[in-house]
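Dear colleague,

Please find the structure below, handed over for your study.

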Amino acid sequence: NLIMYFTIENPDVKMINELEYAKNMAEKANRAKSDFLSSMSHEIRTPLNAIVGLSEVIKNSDDIDEIHEDANDVVMASKNLLEIVNGILDISKIEADKMEIIESNYNPLEVLKYLTTIAETRIGEKEIELRCNFAEDLPNSLYGDQGKLKQIITNILTNAVKYTEKG
C-alpha cells in the first residue's frame, strides 16, 4: 500500500501541491503590491511637497513674475502627480506583467529643469546646494517614455537631497 500511495497519482497529494503553489503565488503577489505601494507613496510625496512649498512661496510673494513662474511649477508638479496616480490606477497592468512604455517626443532640458526645481523645494533648511550643469549639445527633442524618465531622475534627486547633510 505504501509503495502504491507514493507511485500512483494520489488526488490528495496533487491537491496539496496545487494549494501550496497557489499560496506561494498569492504571497508573491502580496509582496509585490506592498513594494509597489511603498514606492508609490515615496513618489507621491515629491510632487505634493513641491506643490505645498511653491504654494507657500506664491502666498507670501508680491512679485507677479515670481508668482507666475511658481504657479507654472505648481501646474507641472500637479501634472506629475497625476501621472503617478494614473500609474497607481494601472496596477492591474503590473499584476498582469503588461507594464507599458508610453513613448512620445519630449524636451529633455524642460524635463530636467522642472525636476531640479521640484528637488530644490525639498532642500528646505538643509545646508546643501543643488548645482545643475546641462550639456550644451543636449538635443531639443527625445523620443521615449518621459514618465519613466521622470520617475528615475526624481528618485535620484530626492535621495540625493534626503541623504546629503551639507555641501
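The buried residues of helix 5 are Pro108, Val111, Tyr114, Leu115, Thr116, Ile118, Ala119 and Ile123. Please bear in mind that this is a predicted model, and that the description below concerns the model as it stands.

Helix 5 has 16 residues, which at 1.5 Å a residue should span 22 Å; the C-alpha atoms at its ends are 23 Å apart, in agreement with that expectation. Both ends of the helix can be described. After the helix comes Gly124, which has a positive phi, near 60 degrees.

**The chain as a whole**

The protein chain contains 6 helices and 2 strands. Their order along the sequence is α-α-α-α-β-α-β-α. Of its 167 residues, 23% count as buried.

**Helix 3 and its packing against helix 5**

Helix 3 covers residues 64-89. It has 26 residues and reaches 37 Å from its first C-alpha to its last, close to the 38 Å expected at 1.5 Å a residue. At the start of helix 3, Asp63 places a side-chain oxygen within 3.2 Å of the backbone nitrogen of Asp65. The buried residues of helix 3 are Ile67, Asp70, Asp73, Val74, Ala77, Asn80, Leu81 and Ile84.

How are helix 3 and helix 5 oriented to each other? The two helices pack at an angle of about 95 degrees, and their axes are 11 Å apart. An angle of 65 to 115 degrees counts as roughly perpendicular, and helix 3 and helix 5 are therefore roughly perpendicular to each other. On the side of helix 3, the contact is made by Asp73, Met76, Ala77 and Asn80; on the side of helix 5, by Tyr114, Thr117 and Ile118. By kind, the residues of this contact divide into 4 nonpolar, 2 polar and 1 charged.

**Lys150 in helix 6**

Lys150 is part of helix 6, residues 146-163. Is Lys150 buried or exposed? Its relative accessible area is 6%, and buried means under 20%, so Lys150 is buried. Apart from residues up to four places away in sequence, Lys150 touches Asn80, Glu83, Val111, Tyr114 and Leu115. Of these, Asn80 and Tyr114 have been named above as part of the contact between helix 3 and helix 5. Lys150 and Leu112 are 38 residues apart in sequence, while their C-alpha atoms are 8.3 Å apart in space.

Asp145 lies in the loop between strand 2 (142-144) and helix 6. With a relative accessibility of 14%, Asp145 counts as buried. Its side chain has a polar atom 3.1 Å from the backbone nitrogen of Gly147, and the side chain of Asp145 also reaches the backbone nitrogen of Lys148 at 3.1 Å. Beyond its neighbours within four places in sequence, Asp145 is in contact with Glu100, Ile101, Ile102 and Glu103.

One of these residues, Ile101, is located in the loop between helix 4 (91-95) and strand 1 (104-106). Ile101 has a relative accessibility of 55% and counts as exposed, whereas Asp145 counts as buried. Ile101 and Gln146 are 45 residues apart along the chain, and their C-alpha atoms are separated by 9.3 Å.

**Asn49 in helix 2**

Helix 2 comprises residues 11-60, and Asn49 lies in it. With a relative accessible area of 36%, Asn49 is partly exposed. How far apart in space are Asn49 and Arg122, C-alpha to C-alpha? The distance is 6.9 Å, although Asn49 and Arg122 are 73 residues apart in sequence.

Yours sincerely

Terms used. Residues numbered from 1 in each chain as written. Predicted model: local features only at pLDDT ≥ 70, side-chain atom pairs only at ≥ 80, totals over all residues. Heavy atoms only, no water. Axes fitted to C-alpha atoms, helices over the stretch in contact; angles between N-to-C directions. Helix = DSSP H or I, 4+ residues; strand = E, 2+ residues; numbered from the N terminus. Parallel < 35°, antiparallel > 145°, perpendicular 65-115°, else oblique. Contact = heavy atoms within 4.5 Å. Nonpolar A, V, L, I, M, F, W, Y, C, P; charged D, E, K, R; others polar. Expected span 1.5 Å × (residues − 1). Buried < 20%, exposed > 50% of the residue type's maximum accessible area, 1.4 Å probe, protein only. Polar contact = N/O pair within 3.5 Å; in protein donor to acceptor, adjacent residues only side chain to side chain.
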